[in-house]
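This report describes selected features of a structural model, arranged by topic. The sequence and structure are shown below.

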Amino acid sequence: MTVSAWLPARVVSVTPTTPHARVLMLDVPGWPGNLPGQHLDVRLTAEDGYQAERSYSLASSGGGARVELAVDEIPDGEVSPYLVREVRAGDELEVKGPLGAYFVWRADDPSPVQLIAGGSGVVPLVAIARARIAASASVSPMRLLYSVRSAGDALYAEEISAFEDRGVTTTWVYTRTAPDGWNGRTGRVGADLLADAVWPPTMDPLIFVCGPTGFVEAVADALVASGHDAGRVRTERFGGS
Amino acid sequence: MSAQHPAGPVDPVTPLDGNVLAGRLGALFAVEVTTLVVVCGACGASGALAEAVVELDDEAAIVRCRACTHTLFTVLGDDEAPVLRPASLASIAAPAPKP
């Protein structure tokens, strides 16, 4: 389920979620549907013909022409400032996708699933958690570990909190500023936290780690050092520190 | 005096041509590329292409081995006409079928 042609897309809605991130709903006629965890490429064309492309994870999955992105602004970026600050409903851009078949969850896999997100790396993991909740026949136990700088930086905070009642529990970690009254975790994700908040190696979980490159490297290394099979740790890095 | 066995080659290899590979290699090139298993010829490490280190610039994507940092291959050209130029890449294999 991958395609290689650029498809015209129209922005249906834009919803601010944090001071530096927005959720974009796109209408993409001809979109073939996508698996949870896949991404697409977005191409912008300036009036002078200059083009810029970037990859963005999809928060949505399944069929239909509607696709959902959540974009976090990279201040000196070429594409994300436009998508976070400028683009509005009715604007047109181009997309290519769905892309990637590695960082995807399949509802017929009964393995326990551990989702681990750093910052806006939560987007494809939201797609996976939504798909798990929608897949009533799935027996896969799923949980999320979400590391963010502060509560105000969390994407999909309300929805993720509501996942709990639908079987996907979340461990929150605040790396800079914890909310008032917080008695949970603060600071960087390390081996002791992973031991508490991740399904143990004895359960042979399938683990999806997504976030900035440094976060993903540190977490993946710690998981393997604690006994997880490297072949069961799927990673997706989006650069940065 | 001929070095050949009097009865000729027992199991001669019949030269064919590349057309015969259509079926044999079809499965490799039909696979979504990030799931392909690549082996580094410099250090022997193997893993899904999705796990390789990739450095992007305006000219190319440089694909490096995550274990030893040797360049596995570079991808030149644009999306419409990509060119893969091998470097330390030892092999590319389709992923193991799901059990």
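How many residues does the contact take from chain B and from chain A?

## Interface

The contact takes 6 residues from each of chain B and chain A, where two residues are in contact if their C-beta atoms, placed from the backbone, lie within 7 Å. On the side of chain B that touches chain A, 2 residues are nonpolar, 2 polar and 2 charged; Ala, Val, Leu, Ile, Met, Phe, Trp, Tyr, Cys and Pro count as nonpolar, Asp, Glu, Lys and Arg as charged, and the others, Gly among them, as polar.

## Basis of the model

This is a predicted model, in which local features need pLDDT of at least 70 and side-chain atom pairs count only at pLDDT 80 or more, while totals for chains, interfaces and linings use all residues. Residues are numbered from 1 along each chain as its sequence is written, and chains are lettered from A and ligands numbered from 1 in the order in which they are written.

## Parallel sheet of chain A

Chain A has an open sheet of 6 strands with parallel pairing, in the order β10-β9-β8-β7-β11-β12. Strands are DSSP runs (E, at least two residues), numbered from the N terminus, and two of them pair if DSSP finds at least two bridges between them. Because β10 (185-186) and β12 (233-237) of chain A each have a single partner strand, one side of each is left without a neighbour in the sheet.

In chain B, β4 (residues 60-64) and β5 (residues 71-76) pair in the antiparallel sense over 5 bridges, with Val63(B) opposite Phe73(B).

How values were computed: Helix = DSSP H or I, 4+ residues; strand = E, 2+ residues; numbered from the N terminus.
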